[in-house]
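Hi,

Here is the structure I said I would pass on. Have a look at it first, and then read my notes below.

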Amino acid sequence: MDKEDEIHIGDEIRKVLNERGMTIVTFAKLIHRSREAVRGILSRPGINTELLSTISRVLEFDFFQLYSRNKIDSKSVTNEPIDFIHKD
């Protein structure tokens with residue numbers, strides 16, 4: 001995967017926070033973290049799945065789909081069905 005295709009999850013979370021008009025203080029309270037911890041989350045390119053699940057639930061946004069979409073978009077995908085049965 002190219003560097004430009006990589007997801008910086010902190011940036012993505014920040015975008016959703018801004019769209020929701022949610023402050024860091026409010027977000028920190030909702031995910032039971034300190035403001036400093038939230039600033040750390042927003043600066044990181046990666047995150048553990050348990051925390052991402054909590055954040056997805058609180059912000060009502062499926063951040064996991066960003067990874068799925070990025071993985072699919074980076075490959076050549078067709079809508080052709082895959083034939084698992086080979087006829088000789």
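**What I found**

Glu60 is exposed, with a relative accessible area of 70%. Its place is the loop between H4 and helix H5 (64-73), and its phi is near 50°, a positive value in a residue other than glycine. Before you go further, keep in mind that this is a predicted model.

You will find His32 in the loop between helix H2 (24-30) and helix H3 (35-43). With a relative accessible area of 69%, which is over the 50% cut-off, His32 counts as exposed.

Now the overall picture. If you take contacts between residues at least 6 apart in sequence, 60% of them join residues at least 24 apart.

**H1 against H4**

How do you put a helix pair into numbers? Two packed helices are described by the angle between their axes and the distance between the axes. For helix H1 (residues 9-20) and helix H4 (residues 49-59), the axes come within 11 Å and cross at roughly 15°. That angle is under 35 degrees, so H1 counts as roughly parallel to H4. The crossing of the two is left-handed.

As for who touches whom, H1 brings Ile9, Ile13, Val16, Leu17 and Arg20, and these meet Leu52, Ile55 and Leu59 of H4. Sorted by class, the contact of H1 with H4 has 7 nonpolar residues, 1 charged and no polar ones.

**Two residues of H4**

Leu52 is found in helix H4. Is Leu52 buried or exposed? Its relative accessibility is 2%, and the cut-off is under 20%, so Leu52 counts as buried. Leaving aside neighbours within four places in sequence, Leu52 is in contact with Ile9, Ile13, Ile47, Phe63, Phe64 and Tyr67. For one of these, Phe63, there is a distance to go with the contact: Leu52 and Phe63 are 11 residues apart in sequence, and their C-alpha atoms are 7.2 Å apart in space.

Ser56 lies in helix H4 too. At 10% relative accessibility, Ser56 is also on the buried side of the 20% cut-off. Which residues does Ser56 contact, leaving aside its neighbours within four places in sequence? They are Phe61, Asp62, Phe63 and Phe64. With Phe63 there is a polar detail: a polar atom of the Ser56 side chain lies 3.4 Å from the backbone nitrogen of Phe63.

Glu6 counts as partly exposed, at 42% relative accessibility. What is the C-alpha separation between Glu6 and Pro45? The two are 39 residues apart along the chain, and their C-alpha atoms are separated by 8.7 Å.

That's everything from my side for now.

Cheers

How values were computed:
Residues numbered from 1 in each chain as written. Predicted model: local features only at pLDDT ≥ 70, side-chain atom pairs only at ≥ 80, totals over all residues. Heavy atoms only, no water. Axes fitted to C-alpha atoms, helices over the stretch in contact; angles between N-to-C directions. Helix = DSSP H or I, 4+ residues; strand = E, 2+ residues; numbered from the N terminus. Parallel < 35°, antiparallel > 145°, perpendicular 65-115°, else oblique. Left-handed = near helix turned anticlockwise from the far one by under 90°. Contact = heavy atoms within 4.5 Å. Nonpolar A, V, L, I, M, F, W, Y, C, P; charged D, E, K, R; others polar. Buried < 20%, exposed > 50% of the residue type's maximum accessible area, 1.4 Å probe, protein only. Polar contact = N/O pair within 3.5 Å; in protein donor to acceptor, adjacent residues only side chain to side chain.
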